[in-house]
Amino acid sequence: MVSYMISASSGRPVTKSQLAYETIKARILDGRYGPGYRLVLDQIGRELDVSAVPVREALRRLEAEELIQFERNVGARVVAIDPTAYEHAMQTVAIVEGAATGLAAPLLTPEALARARALNERMRRSLAEFDPLAFTALNAEFHEVLFSACPNPNLVDLVQRCWTRLAAVRDSTFASVPGRAPQSVEEHERLLTLIEDGSDPAEVEQFARAHRLATLEAYQARDR
């Protein structure tokens with residue numbers, strides 16, 4: 001008999017394995033379980049009030065998504081930051097998110113654009129007392145408002161998968177290069193202006209891609 005619990009994120013009944021998967025994945029993506037963090041089955045099981053079995057099933061799913069890895073005599077760990085993997089992930093995000101944003105641009109409603117502007121204004125205000133993880137979360141929400149209107153569901157799914165992969169291979173970029181944050185806010189303003197002015201989708205795509213690559217370039221230049 002399969003037992004069910006209520007997911008905190010969705011409010012719907014889920015299996016214990018699904019609950020463990022959702023909880024651990026959320027903690028990896030929001031930074032609570034950082035790169036190299038050791039995932040102890042019994043400890044997680046006690047926190048979620050489940051046995052080790054559903055936790056183990058969850059970890060296998062996360063291993064398949066390359067968010068964690070198993071080490072001999074150690075167990076499961078969150079994958080370490082890999083500069084090369086980060087570079088590849090950012091290049092991929094720039095391409096697919098740029099394309100999705102370009103296709104979405106003509107379909108964005110005034111309400112969606114107003115929401116994006118409000119998010120960017122929150123990002124601007126947050127610069128005074130800078131929290132890289134909070135800024136990164138707002139940044140992700142801002143971009144999701146723009147690309148999620150893309151009429152190609154496969155492309156939207158690919159962008160979301162790329163974001164998941166990106167979160168797995170690094171901490172917040174803005175923690176490493178905080179000076180990039182105010183530049184990013186200004187670029188968001190320019191991107192919104194392009195969309196509101198009815199610019200060609202190809203121009204929007206090109207700017208969205210350049211915006212993402214500028215963050216990668218700032219990250220690569222931090223130690224030069």
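Predicted model: local features only at pLDDT ≥ 70, side-chain atom pairs only at ≥ 80, totals over all residues.
1. Domains. The chain is divided into domain 1, residues 16–78, and domain 2, residues 83–222. The centres of the two domains, taken over C-alpha atoms, are separated by 28 Å. Where domain 1 and domain 2 touch, six residues of domain 1 are in contact with six residues of domain 2.

2. Helices α4 and α10. Helix α4 covers residues 83–104 and helix α10 covers residues 201–221; they pack at an angle of about 160°, and their axes are 7 Å apart. An angle over 145 degrees counts as roughly antiparallel, so α4 is roughly antiparallel to α10. The crossing of α4 past α10 is right-handed.

3. Residues between α4 and α10. On the α4 side, the contact is made by Tyr86, Glu87, Met90, Gln91, Val93, Ala94, Ile95, Glu97, Gly98, Ala99, Thr101 and Gly102. On the α10 side, the residues are Pro201, Val204, Glu205, Ala208, Arg209, Arg212, Leu213, Thr215, Leu216, Tyr219 and Gln220. By class, the contact of α4 with α10 has twelve nonpolar, six polar and five charged residues.

4. Tyr86. This residue is in helix α4 and is one of those that contact α10. Is Tyr86 buried or exposed? Its relative accessibility is 0%, and buried means under 20%, so Tyr86 counts as buried. Along the chain, Tyr86 and Thr173 are 87 residues apart, while their C-alpha atoms are separated by 9.8 Å.

5. Helices α5 and α9. The crossing of α5 and α9 is left-handed, whereas that of α4 and α10 is right-handed.

6. Residues between α5 and α9. From α5, the residues in contact are Leu113, Ala116, Arg117, Asn120, Met123 and Arg124. They meet Val185, Glu186, His188, Glu189, Leu192, Thr193, Ile195 and Glu196 of α9. Sorted by class, the contact of α5 with α9 consists of six nonpolar, three polar and five charged residues.

7. Glu111. Helix α5 also holds Glu111. With a relative accessible area of 60%, against a cut-off of over 50%, Glu111 is exposed. Glu111 and Ile95 are 16 residues apart along the chain, and 26 Å separate their C-alpha atoms. Ile95 is one of the α4 residues in the contact with α10.

8. Backbone at Asp49. Most residues other than glycine have a negative phi. Asp49 is not a glycine, yet its phi is positive, about 60°. Asp49 is found in the loop between α2, residues 41–48, and α3, residues 52–64. It is exposed, with a relative accessible area of 63%.

9. Backbone at Asn73. What is the phi of Asn73? The value is near 65°, which is positive in a residue other than glycine. Asn73 is found in the loop between β4, residues 68–71, and β5, residues 75–78. At 79% relative accessibility, Asn73 counts as exposed.

10. Points to check in the view.

Note on methods. Residues numbered from 1 in each chain as written. Heavy atoms only, no water. Left-handed = near helix turned anticlockwise from the far one by under 90°. Helix = DSSP H or I, 4+ residues; strand = E, 2+ residues; numbered from the N terminus. Contact = heavy atoms within 4.5 Å. Nonpolar A, V, L, I, M, F, W, Y, C, P; charged D, E, K, R; others polar. Buried < 20%, exposed > 50% of the residue type's maximum accessible area, 1.4 Å probe, protein only. Domains from an automatic or database assignment. Axes fitted to C-alpha atoms, helices over the stretch in contact; angles between N-to-C directions. Parallel < 35°, antiparallel > 145°, perpendicular 65-115°, else oblique.
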